[in-house]
Amino acid sequence: ERVSKTREALQALEDLRLEFIRDEVDRERAELSVEYGRRIEALRERINNEKNLTVEAREAINEQIVLLERQFAERLEKINQEEIKRRLEENLTRYIK
């Protein structure tokens, strides 16, 4: 229970910090990081805390973690590529004017 209360307090702090990020792209990156970090951490906690998991269940949870990490990297890359494209277009527009 104590760990749960601590986790809740830390998550509330993360949520508040996100509200102070003004740049839209930076906020999107941070929100994505928090979302995936929480999902992955919950799976890791299951592996560490649930003593009755079978080998197959542990392997399945580990595979979920790997896939979530890959999905996070792909989504982050997409955000970064979109931001690069937007900035290039913005600079090109300024240059042409």
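Student: What is Ile65 in contact with, leaving aside its neighbours within four places in sequence?
Tutor: Ile65 is in contact with Ile40, Leu43, Arg44 and Ile47. Contact here means heavy atoms within 4.5 Å. One caution: this is a predicted model, where local features need pLDDT of at least 70, side-chain atom pairs count only at pLDDT 80 or more, and totals for chains, interfaces and linings use all residues. Residues are numbered from 1 along each chain as its sequence is written, and side-chain values use heavy atoms, with hydrogens and water left out.

Student: OK, Leu43 then. Which helix is Leu43 found in?
Tutor: Leu43 is in helix α2. Helices are DSSP runs of H or I with at least four residues, numbered from the N terminus.

Student: Is Leu43 buried or exposed?
Tutor: Leu43 is buried, because its relative accessible area is 10%. Buried means under 20%, exposed over 50%, and partly exposed in between, using a 1.4 Å probe and protein chains only.

Student: And what is Leu43 in contact with, neighbours within four places aside?
Tutor: Ile61, Gln64, Ile65 and Leu68. As for Arg58, its C-alpha atom is separated from that of Leu43 by 9.7 Å, with the two 15 residues apart along the chain.

Student: Which residues make up the largest nonpolar core?
Tutor: There are 11: Val25, Leu32, Tyr36, Ile40, Leu43, Ile47, Leu53, Ile61, Ile65, Leu68 and Ile79. A nonpolar core is a set of buried Ala, Val, Leu, Ile, Met, Phe, Trp, Tyr and Cys residues joined through side-chain atoms within 4.5 Å.

Student: Which helix gives the most to this core?
Tutor: α2, with six residues. Both α2 and α3 supply at least two each.

Student: At what angle do α2 and α3 pack?
Tutor: About 175 degrees, with the axes 10 Å apart. Axes are lines fitted to C-alpha atoms, for helices over the stretch in contact, and angles run from 0 to 180 degrees between N-to-C directions. α2 and α3 are therefore roughly antiparallel. That label needs an angle over 145 degrees; under 35 is roughly parallel, 65 to 115 roughly perpendicular, and the rest oblique.

Student: How do the residues of that contact divide?
Tutor: Into 12 nonpolar, five polar and 10 charged. Ala, Val, Leu, Ile, Met, Phe, Trp, Tyr, Cys and Pro count as nonpolar; Asp, Glu, Lys and Arg are charged; the others, Gly among them, are polar.

Student: Switching to α1. At what angle do α1 and α2 cross?
Tutor: Roughly 165 degrees, and the axes of α1 (residues 2–19) and α2 (residues 24–49) come within 10 Å. So α1 and α2 are roughly antiparallel. From α1, the contact uses Arg7, Gln11, Glu14, Asp15 and Leu18; from α2, Arg27, Ala30, Glu31, Val34, Arg38 and Glu45.

Student: What about Glu83, buried or exposed?
Tutor: Buried, because Glu83 has 5% relative accessibility. Glu83 lies in α3, residues 55–96. Neighbours within four places aside, Glu83 is in contact with Val25 and Arg29.

Student: Last one. Is Leu88 buried or exposed?
Tutor: Exposed, because its relative accessible area is 54%. Leu88 is also found in α3.
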